[in-house]
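Hello,

Here is the structure that was to be passed on to you. Please look it over first, then read the notes below it.

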Amino acid sequence: PKVTKLVRGPKDVTKYTPSTYLAEMRLTTEEKLEKTYEIHIPKIVELLDTAESSQKDSVVEVDIPLFQPFPSEVFFQQYETHQTYEFPVSFRNNDNVARHIKVTIEESPYFKVTCHKAVGAKVAPGMEITYMIAFTPDEDKDYTVQLTCITEREKFVVPVVATGSRALLDFPDEVNFSLAPVKHPSSKTVLVRNVGRREA
């Protein structure tokens with residue numbers, strides 16, 4: 001199984017060098033998923049009434065969802081229009097008793113969510129259930145929706161982001177002036193190419 005690292009607290013804003021950003025944006029969805037190791041605790045948007053639940057007690061802290069998704073964000077990139085792409089999201093039961101989870105997605109003609117298990121099936125402690133997110137774009141543009149995940153105790157969300165084509169500038173990571181005279185303006189010509197699929 002893939003080794004992951006749980007990162008607590010807000011997700012840091014990633015700073016890229018030009019070459020790193022270029023390499024990241026050229027990855028397919030599958031390649032980016034393969035390079036994803038960090039997971040983040042999802043945002044709880046509503047606490048639910050557990051009066052009707054058969055398992056009111058939990059070993060999971062109340063500010064942490066009963067299920068941990070991997071990855072923490074659904075992403076699509078390097079896609080073609082009118083093709084269907086699928087993305088797996090696994091939800092691990094962090095509790096010490098079997099739990100339910102239901103996953104829905106905002107109404108959209110471009111996204112669908114499916115699961116091979118029967119609706120209402122419980123997930124054993126420490127085990128996972130996998131949902132498939134299908135994406136069929138009709139334009140080469142950005143799309144954003146959310147998965148709403150409902151457990152016996154809370155609702156939490158998982159963002160779904162599809163990134164369309166970009167202008168990608170092949171810019172050097174650093175511009176080295178080496179030795180330059182003091183108090184005299186210096187200049188250097190840098191060649192910048194647009195290697196993306198959009199105009200810059």
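Arg99 is buried, as its relative accessible area is 2%. Buried means under 20% relative accessible area, exposed means over 50%, and partly exposed lies in between, with a 1.4 Å probe and protein chains only. The model is a predicted one, in which local features need pLDDT of at least 70 and side-chain atom pairs count only at pLDDT 80 or more, while totals for chains, interfaces and linings use all residues. Residues are numbered from 1 along each chain as its sequence is written, and side-chain values use heavy atoms, with hydrogens and water left out.

The side chain of Arg99 forms a salt bridge with that of Glu152, at 3.3 Å from N to O. A salt bridge here is a side-chain nitrogen of Lys or Arg within 4 Å of a carboxyl oxygen of Asp or Glu. Arg99 sits in the loop between β6 (85-93) and β7 (101-105), and Glu152 in the loop between β10 (143-151) and β11, so the pair links distant parts of the chain, 53 residues apart. Glu152 also counts as buried, at 15% relative accessibility.

Another salt bridge joins the side chains of Lys155 and Glu46, at 3.6 Å from N to O. Lys155 belongs to strand β11 (residues 154-163) and Glu46 to strand β3 (residues 43-47), so this pair ties together parts 109 residues apart in sequence. Lys155 is partly exposed at 26% relative accessibility, and Glu46 is partly exposed at 37%.

Glu139 and Lys141 also meet through their side chains in a salt bridge, at 3.8 Å from N to O. Salt bridges that share partners join Asp95, Arg99 and Glu152 into one network. Glu139 has 41% relative accessibility and counts as partly exposed; Lys141, at 34%, counts as partly exposed too. The structure holds 9 salt bridges. Side chains of opposite charge can pair when their charged atoms come close.

Where does Asn93 lie? Asn93 is in strand β6, and it is buried at 1% relative accessibility. Leaving aside residues up to four places away in sequence, Asn93 touches Leu66, Phe67, Ala98, Arg99, Val123, Ala124, Pro125, Gly126 and Met127. Contact means heavy atoms within 4.5 Å.

Is Leu179 buried or exposed? Leu179 counts as exposed, at 83% relative accessibility. Leu179 is placed in the loop between β12 (169-170) and β13 (193-194). Its C-alpha atom is separated by 41 Å from that of Thr28, and the two residues are 151 residues apart along the chain.

Now the chain as a whole. The protein chain has 2 helices and 13 strands. Helices (H or I, at least four residues) and strands (E, at least two) are DSSP runs, numbered from the N terminus. The radius of gyration of the protein chain is 22 Å, whereas a compact globule of 200 residues would have one near 16 Å. That radius is taken over C-alpha atoms, and the globule rule is 2.2 Å times the number of residues to the power 0.38. Along the principal axes, the C-alpha atoms fill a box of roughly 75 × 40 × 30 Å. Of the 200 residues, 32% count as buried. Among contacts between residues at least 6 apart in sequence, 74% join residues at least 24 apart.

Regards
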